Amino acid sequence: MRIELEKRPDVSKLYAFVSPLLALVLTLVFGAIMFAMLGKDPVAALEAFFIEPLLEVWSLHELAIKAAPLILIAVGLAVCYRSNNWNIGAEGQFTIGAITGSYLPVIFYDWHSPLVLPLMLILGALGGALFAAIPALLKAHFNTNEILTSLMLVYIAQLFLDWLIRGAWRDPKGFNFPVSRDFAPEAVLPAIWEESGRAHWAFIFAIMAAVGAWFMLRYTLKGFEIVVLGQSERAGRFAGFSSKKMIWFSFLFSGALAGLAGIAEVSGSIGHLQPAISPGYGFTAIIVAFLGRLNPLGIIASGLVLALTYLGGEAAQLSLGLSDKVTRVFQGLLLFFVLSCDTLIYYKIRLVWSRVRGRAA
């Protein structure tokens with residue numbers, strides 16, 4: 001007996017809509033089982049994880065801070081994935097964007113001008129795009145697997161950041177700690193509503209990027225080109241679209257948004273460069289993109305859900321004494337169930353029975 005997946009002739013729109021919700025429910029159910037196995041009250045644990053972070057205004061600001069990079073990165077990845085280009089290296093592009101965007105406040109720290117912050121954001125987006133251009137070049141002209149190249153570049157970016165912060169960019173007045181100079185006030189991304197919390201303009205950038213990408217995919221020729229080439233490269237060639245140009249566009253677009261997320265995170269939330277600037281936003285954004293059905297508007301909602309797992313994980317550590325790895329488990333469960341539900345939507349499971357006939361020697 002063997003198991004085969006048979007493609008369904010028609011896909012139910014209702015099931016496609018319900019699938020992410022079902023994945024969330026299954027994640028909660030198996031999360032409760034996990035808490036019970038750890039000796040914790042499942043109800044209290046889930047409340048600490050998903051309810052407590054929503055009860056205070058300052059906590060909602062923290063939710064927006066964590067959701068901003070997830071939404072920004074996931075919007076770029078959604079465009080990439082819908083064009084059938086698989087950028088797995090957004091974490092590296094996030095890191096390089098943070099580095100290139102920090103060049104001005106770290107090297108020219110005496111320059112105080114209203115131009116500093118806009119130039120930082122531009123440099124961050126440009127750095128992320130140029131770093132994403134490496135796997136784009138390798139795929140477009142050498143037919144290299146972009147999953148492997150983009151993923152391996154993540155470690156190069158992280159090691160490069162570590163080398164900079166422990167070397168040339170280390171703060172000379174930082175008592176030998178591996179951090180850069182603190183950014184000047186002109187280089188800090190301002191808060192949206194400072195009186196109630198510290199959520200900054202990166203969240204506004206994320207919403208604008210999501211709405212802009214949704215409009216592009218739905219109403220422009222470039223969006224039509226993305227959809228056609230993503231579904232059938234051959235049909236795209238008949239329509240006069242270039243798959244090589246699409247590789248470049250999708251990688252540069254997703255890299256630019258990841259780079260913008262990187263410099264926005266450093267400028268708005270941290271205030272300086274340090275060896276660890278991300279808890280894994282670039283990888284978590286992959287879950288955000290698929291949970292949002294690769295739809296930029298859906299990504300806003302899924303980004304808030306995944307941001308809640310980060311906040312909930314921190315709350316669970318404090319109130320229940322759980323490991324920080326619980327957050328990763330929840331995110332992994334969510335991705336597993338999203339992909340599993342999607343598989344059952346598009347394919348039927350079929351059991352094939354076959355007899356193995358042997359001949360006597």
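Is Glu225 buried or exposed? I looked this up as a friendly way in, and Glu225 turns out to be buried, with a relative accessible area of 10%. Buried means under 20% relative accessible area, exposed means over 50%, and partly exposed lies in between (1.4 Å probe, protein chains only).

**Ground rules.** I am working with a predicted model, where local features need pLDDT of at least 70, side-chain atom pairs count only at pLDDT 80 or more, and totals for chains, interfaces and linings use all residues. Residues are numbered from 1 along each chain as its sequence is written, and side-chain values use heavy atoms, with hydrogens and water left out.

**Salt bridges.** I took a salt bridge to be a side-chain nitrogen of Lys or Arg within 4 Å of a carboxyl oxygen of Asp or Glu. That rule gives seven salt bridges, and I looked into some of them.

Glu225 pairs with Lys222, at 3.4 Å from N to O. The two sit three residues apart in helix H9 (residues 221-231), so about one helical turn separates them. Helices here are DSSP runs (H or I, at least four residues), and strands (E) need at least two; both are numbered from the N terminus. Lys222 is partly exposed, with a relative accessible area of 29%.

Next I found Arg198 with Glu62, whose closest N and O atoms are 2.7 Å apart. Arg198 lies in the loop between helix H7 (146-166) and helix H8 (202-219), while Glu62 belongs to helix H3 (residues 57-82), so this pair ties together parts that are 136 residues apart in sequence. Arg198 is partly exposed at 42% relative accessible area, and Glu62 counts as buried at 15%.

I also noted Lys139 and Glu146, which meet at 3.1 Å, N to O. Both of these residues are buried.

**A helix pair.** Two packed helices are described by the angle between their axes and the distance between the axes. I looked at helix H4 (residues 90-101) and helix H6 (residues 116-142), which pack at about 140 degrees with axes 7 Å apart. That makes H4 oblique to H6, since angles under 35 degrees count as roughly parallel, over 145 as roughly antiparallel, 65 to 115 as roughly perpendicular and the rest as oblique. Axes are lines fitted to C-alpha atoms, for helices over the stretch in contact, and angles run from 0 to 180 degrees between N-to-C directions.

Which residues make the contact? On H4 they include Gly92, Ile96 and Gly97, and on H6 they include Leu123, Gly127 and Phe131. Contact means heavy atoms within 4.5 Å.
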